[in-house]
Amino acid sequence: MAIVEVKVPQLSESVSEATLLQWKKKVGEAVKVDEILIEVETDKVVLEVPAPSAGVIVEIAQADGATVVADQLIAKIDTEAVAGAAAPAPAPVQEAQANAGATATPAAAASGNASKSDVAMPAAAKLLADNNLKVGDVGGTGKDGRVTKGDVLAAVAGGAKPSAAPVAIPTGVPTSALPQVAAPKVDLGQRPEQRVPMTRLRARIAERLLQSQATNAILTTFNEVNMAPVMELRKKFQDDFVKEHGVKLGFMSFFVKAAVHALKKFPAVNASIDGNDIIYHGYFDIGIAVSSPRGLVVPILRNADQMSFADIEKKIGEFGQKAKEGKLSIEEMTGGTFSISNGGTFGSMMSTPIINPPQSAILGVHATKDRAVVENGQVVVRPMNYLAMSYDHRIIDGREAVLSLVAMKDALEDPSRLLFDL
């Protein structure tokens, strides 16, 4: 027997622990080298744990939802075993289950005194816990009387009632690891509820937002922008831009360029506070707020002042795809001197964005809509966008805040200013 250990990957210096999501393999199943065994969620990113070698999983030391640290043993692989062959009983995972609040795995249950008829399949076990039921409350139709997912769904639909006190959802299990099933058809007075623990990422988002509100003197200044010049420029060069760079020319690259243009004029907006010191950054790292299945993330455009329109569009597209797949790295979301949040993609007309600590300002972009405006004493229709910039009044005065937003407005309404740095 040649045993290879599977351990938690290294975490960043600012992350002390992580949560195991859901195992993709079970004890006794064969795995290929580099095949993903499980995902590990930190308060910043989700890391994949690949199999270090091919073989058969002979032990899972930490259950779904367990809290783990870097380099901790979570599983073992026998590189000489054959899938389906008799394997030694897995080591107990009571400690991991106690940490995660999880129920015993089927493999662990089978190694006890319980008969096979008292065992539920993995998906069924989770459904039982979600509906406050025990194995004995549901008749099993699986092999040797095992309870299947279909058995639980049928029992819930039939109004099965728990025979014991409700079972709490494990506090360490993230939302993404919970089974996605229809709401149980149990009579709760037409007012059903479900208590689900926050994921580490969601909890971290909540913590940082509260930190921002509590530690910054936040004010927001607003302005309106006529987007017609940018829209005309995009329309004129879109086809050539796509042919040359292989990516569409969007609005975000204009907003990034306009923001950098303003930050150069007003360095305090690109600064941050460290204790009693103000740090003026001589570089422009722009955070782009991106929505992901697990929550809001803010990857960073490094040295945005040195990036072309094509570079910005390509990088934003890459960030969006990585966020969707949960593959953004910690390095890609660390740092930043200023952020941009585009609520307009969801139809927002106006908002007051919250500063992303330790930054001192954030630009909120909204939906561009045709609106009636007055030009030279005449009412005309123009594609207007409302910009909102929240700023930390401790280091940014109202004058600097307003003028920096006006500089962004001017650059967007006359993009040629970007060429001549006016």
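Here is a quick tour, from the whole protein down to single residues.

This is a predicted model, where local features need pLDDT of at least 70, side-chain atom pairs count only at pLDDT 80 or more, and totals for chains, interfaces and linings use all residues. Residues are numbered from 1 along each chain as its sequence is written, and side-chain values use heavy atoms, with hydrogens and water left out.

**Overall**
- The protein has 10 helices and 19 strands (DSSP runs of H or I, at least four residues, and of E, at least two, numbered from the N terminus).
- Of its 422 residues, 40% are buried (under 20% relative accessible area; exposed is over 50%, partly exposed in between, with a 1.4 Å probe and protein chains only).

**A four-stranded sheet**
- An open sheet runs in the order E1-E8-E6-E3, with antiparallel pairing (two strands pair if DSSP finds at least two bridges between them).
- Strands E1 (3–7) and E3 (30–31) sit at the edges with a single partner strand each, so one side of each has no neighbour in the sheet.
- E3 is joined to E6 (residues 55–60) by 2 bridges, and Ala 30 has Val 56 in E6 as its bridge partner.

**Helix H9**
- H9 covers residues 398–413 and spans 22 Å from first C-alpha to last, close to the 22 Å expected (1.5 Å times one less than its number of residues).
- Its buried residues include Glu 400, Leu 405 and Lys 409.

**Around Met 350**
- Met 350 lies in the loop between strands E16 (338–342) and E17 (361–365).
- Met 350 counts as partly exposed because its relative accessibility is 39%.
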